[in-house]
Amino acid sequence: MPVQGPIHVDRPLTNISIAYKSEGLISDELFTVVPVVNETDVYFVFDKAHALRNPQTLRANGAEANEDQLVLSTATYRLEEHALKDIITQRDRDNQDPGLNLEVSTVEDLTDKILRQKEVDAATLLFTNGNWANETSLGAAAPWNANTTATNPILIGDSAATAVLTNAGRKANVGVLDFRSFQACKEHVSVVDRVKYTSSDSVTPKLLQALFGVEKLLVAEGANNTANEGLAATMALIWTDSAWFGYVNPSPGMRKPSALYCMKKTAGGTQTKRWRDEARNGEWFEVTNMYDQVTPSTDAGYLIVDTVQ
């Protein structure tokens, strides 16, 4: 049996893992994090039918006030752990180039792969038909890259915002564009015409954010290799040609709607562990992240698919 040293949670390397940001990934900016204690439990869901109903408030002289009750519904979450490990042998340490920190590089590499999987989970959740109460397909007739006044992206975004406001009672405050949709938007004749007299700069995400009327517009630029280990790389963008607009509550609460939350364990949710392996004359480094991405209010999101043909 291999001789193994004690497993130690390395706090400095854990902090590096937590702070690490991978290029082009947006999931950590998209979801409001809800700290949880248990790996599985229930959470409160906004009951729009009761919360937005107008009860009879008129009271006749001498009559009692009409009764109204607090209604809370619940849904369940289940955290899943994502973990990877790698070993740094003593020979690796002896042969490393000056200035190369193998420990930091290893932790960042493992963290990047876990964050990339988290991004895939987010893209699947947001951009899959059937996950949202409000959806539309632009189809072959009206994609944004057709670049005609009849395919104005801002008007489509306005329709999405109206649907979210009508169905969830909250104004959409977050938008997500995949990279191809962003490219189509920034070159669109309707968008360029809106800004040509106010800005000489090219159309940026910040400028589109103002045109769409959201507080945050995220452009998803992440890519990954979809081929199996050992095969030639098959590179693809993680997010498909779609757009999403919704209300993401920055301050979670029992009677507050939100399209998205990320449940994350308060203790041990993100950790970097290390331990000695005498049989292999090296040290193992393991990065772990435990979370569940949920959609508490599907009415608070609007999905637009087939934005680019």
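**Entry 1: salt bridges**

I began with a rule: a salt bridge is a side-chain nitrogen of Lys or Arg within 4 Å of a carboxyl oxygen of Asp or Glu. I also reminded myself that this is a predicted model. By that rule, I get a count of 11 salt bridges.

I looked up a few of them. Lys-186 and Glu-187 meet through their side chains, at 2.8 Å from N to O. I checked how open the two are: Glu-187 has a relative accessible area of 49% and is partly exposed. Lys-186 is partly exposed too, at 25%.

Next I took Lys-196 and Asp-193, which form a salt bridge with their closest N and O atoms 2.9 Å apart. Lys-196 comes out at 44% relative accessibility, so I put it down as partly exposed. Asp-193 also has 44% and is partly exposed.

Then I turned to Arg-274. Which residue does Arg-274 form a salt bridge with? I found Glu-283, with 3.0 Å between the closest N and O atoms. Here I needed the cut-off for buried, which is under 20% relative accessible area. Arg-274 has 15%, so it is buried. Glu-283, at 17%, is buried as well. I followed the shared partners from there: Arg-93, Glu-103, Arg-274 and Glu-283 are joined by salt bridges into one network.

**Entry 2: aromatic rings**

How many aromatic pairs does the structure hold? I noted five. One of them is Trp-132 with Trp-244, a tilted pair at 5.3 Å centre to centre and 55° between the planes. I traced where the two sit. Trp-132 is in the loop between helix H5 (102-126) and strand E6 (134-137), and Trp-244 is in strand E11 (residues 242-246). They are 112 residues apart, so I wrote that this pair links distant parts of the chain. Buried or exposed, Trp-132 and Trp-244? I found Trp-132 buried, and Trp-244 too.

I also looked at Phe-179 and Phe-182. Their ring centres are 6.5 Å apart and their planes meet at 40°, so I called this pair tilted. Both belong to helix H7 (residues 179-186), and because they are three residues apart, about one helical turn separates them. I jotted down the general point: an α-helix has 3.6 residues a turn, so residues three or four places apart point the same way. Phe-179 is partly exposed at 28% relative accessibility, whereas Phe-182 is buried at 8%.

**Entry 3: charges over rings**

I then looked for charges sitting over rings. Lys-85 has its charged end over the ring of Trp-284, 4.5 Å from the centre. I noted Lys-118 as well, which lies over the face of Tyr-291 at 5.2 Å from the ring centre.

**Entry 4: helix H1**

I went to helix H1 (residues 11-19) and asked which residues are buried there. I wrote down Leu-13, Thr-14 and Ser-17. They span an arc of only 105° around the axis, so they are on the same side of H1. I looked at the face turned away from that buried side and found the exposed residues Pro-12 and Ala-19.

**Entry 5: helix H9 and what it packs against**

In helix H9 (residues 205-212), I listed Leu-207, Leu-208, Gln-209, Leu-211 and Phe-212 as the buried residues. What do the buried residues of H9 pack against? I found helix H6 (153-168), strand E7 (174-178), H7, helix H8 (189-195), strand E8 (216-220) and E11.

**Entry 6: Ser-190**

I picked Ser-190, which has its place in helix H8. Ser-190 is buried, with 11% relative accessible area. Leaving aside residues up to four places away in sequence, I see Ser-190 touching Thr-148, Thr-149 and Asn-152.

**Entry 7: cysteines**

Last, I searched the whole structure for disulfides and came back with zero. Cys-185 is buried at 0% relative accessibility, and Cys-262 is buried at 2%.

Methods. Residues numbered from 1 in each chain as written. Predicted model: local features only at pLDDT ≥ 70, side-chain atom pairs only at ≥ 80, totals over all residues. Heavy atoms only, no water. Buried < 20%, exposed > 50% of the residue type's maximum accessible area, 1.4 Å probe, protein only. Helix = DSSP H or I, 4+ residues; strand = E, 2+ residues; numbered from the N terminus. Arc of directions from axis to C-beta. Phe/Tyr/Trp six-rings, centres within 6.5 Å; stacked < 30°, edge-to-face > 60°. Lys NZ or Arg CZ within 6 Å of the ring centre and 35° of its normal. Contact = heavy atoms within 4.5 Å. Disulfide = S-S within 2.5 Å.
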